[in-house]
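Have a look at the model first.

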Amino acid sequence: MSTVTDRTPLLENGNGAQPPKPFFRRFADSLSSEGEPGWLQSYKFFFFGSYLNVFLVFVPLSFFSHYLNWDAALRFVFSFVAIMPLAALLGTATEQLSLKLGQTLSGLLNASFGNAVEIIVGIAALLQGELRIVQTSLLGSILSNLLLVLGCSFLAGGLKFNESNFQITAAQASSSLMTLACITLVIPAAYHSAKTHSGLDGGVNATSIAPVIAQLDPKLELGLDGMDAGGLHGLKIISRGTAILLLIVYIAYLIFQLKTHAYLYVPSAEAAEEEEEPEMSILAAGSALLLVTVVTSFCADYLVASIEETANRYSIPKPFIGLILLPIVANAAEHVTSVWMAMKNKMELTIGICVGSSIQIAAFVVPLLVIVGWATHHDLTLFFADFETIVLFVSVLLVNFLIQDGKSNYMEGLMLVTLYLVIALAFWVS
């Protein structure tokens with residue numbers, strides 16, 4: 001190395017200096033970080049990292065069946081099966097992005113994309129005027145996570161371990177917020193019941209709104225036909241105001257979970273032992289997330305478009321399709337992950353997946369779709385049928401009873417799964 005003197009130039013002008021790299025080379029270097037997987041390696045992992053991706057063959061079949069106008073059952077089944085691997089890929093891309101981001105950003109990312117399929121299917125159904133499908137699919141996702149997934153996880157964990165433990169305070173905070181979200185659905189139902197009965201008594205505001213209801217819901221599936229114009233207007237105000245308040249509470253919950261009380265949600269030492277290495281670069285994961293989101297939106301649109309004809313032709317109740325079948329598609333990957341974590345005795349992660357996902361739907365996705373409906377002139381409200389409201393309330397009540405002691409076993413899992421099967425049977429005959 002040459003000695004630096006007072007005659008040494010401050011800037012090198014060709015004496016051993018490397019020529020500047022071309023612009024495109026410098027741009028490519030800025031997109032890749034040292035030690036990160038390359039684009040080819042990232043996408044190889046993305047598309048070939050799971051056996052579930054075999055079902056991606058149904059994605060083009062979904063497109064062909066829709067544009068060639070095949071039988072409604074084929075369109076429904078192809079789109080139905082296609083969304084399963086797409087939902088898993090959304091989860092993979094989100095997880096890979098989360099590994100490279102900090103705790104706060106990864107938490108916000110999971111909060112935003114954790115239920116991307118429900119949001120996509122919900123918006124697709126909302127824009128097509130299928131308000132009943134929107135309501136039942138969201139309610140079904142909540143019940144699926146609270147009863148079926150959590151029940152199967154408790155059952156699987158209980159068969160391997162006599163008893164599993166988890167953090168009580170965090171679980172109770174989550175279940176309390178779930179209870180609040182449930183109560184916000186009970187209030188519109190109570191308001192509807194009061195207004196409907198007063199309308200039957202011939203009150204002064206008992207203005208006929210048959211034309212409004214016919215336009216809003218031609219088959220009277222939302223149960224709003226017994227309300228007068230003032231009652232319907234009040235129900236919209238309650239729903240939209242409650243939606244805004246729930247979104248504010250959800251943001252506060254994220255701050256509680258990610259910042260002020262993050263220590264309550266830290267997994268136990270045993271669960272935190274495994275440090276997962278990223279298999280995708282940030283840009284590859286981000287582009288994959290965008291690509292799969294777009295493809296999923298098309299498949300969801302085709303799925304919703306085929307529901308009406310499939311339900312009528314094959315005598316399948318639409319509430320059963322929305323409440324039972326659609327959540328299975330959207331949550332298939334979460335189901336497997338939750339049960340797998342329970343079998344590893346990582347019950348905090350299982351509670352986080354099941355109850356956390358239900359909170360996202362009840363306190364974020366449902367209010368979001370109410371506001372989207374408000375903006376697009378599709379009057380989605382928080383009024384669910386009385387039967388559905390009672391079903392949700394007793395489900396949340398049972399989950400609260402079972403997790404308040406911070407312990408789980410196979411018997412608790414069996415009770416949750418049994419309640420879910422009873423609800424499925426009730427909606428099949430509804």
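What follows is a short tour of the cavities in this model.

This is a predicted model, where local features need pLDDT of at least 70, side-chain atom pairs count only at pLDDT 80 or more, and totals for chains, interfaces and linings use all residues. Residues are numbered from 1 along each chain as its sequence is written, and side-chain values use heavy atoms, with hydrogens and water left out.

A cavity here is a set of points, on a 1 Å grid over the protein atoms alone, where a 1.4 Å probe fits but cannot get out; lining residues have an atom within 4 Å of a point. Points are joined across faces, edges and corners, and a volume is the space filled by probe spheres set on them. Counted this way, there are three cavities of 30 Å³ or more.

| Cavity | Volume |
|---|---|
| Largest | about 70 Å³ |

Two or more lining residues come from each of α6 (116-127), α7 (131-160) and α12 (318-330), helices being DSSP runs (H or I, at least four residues) numbered from the N terminus. The largest share, four residues, belongs to α12.

Over at the second largest cavity, you'll meet Val 134, Gln 135, Thr 381 and Phe 384, among others. Here α7 and α14 (347-375) each supply at least two lining residues, and α7 gives the most, with three.

Definitions and conventions
1 Å grid on protein atoms, 1.4 Å probe; cavity = no way out; pocket = protein on both sides within 12 Å on 5 of 7 lines; lining within 4 Å.
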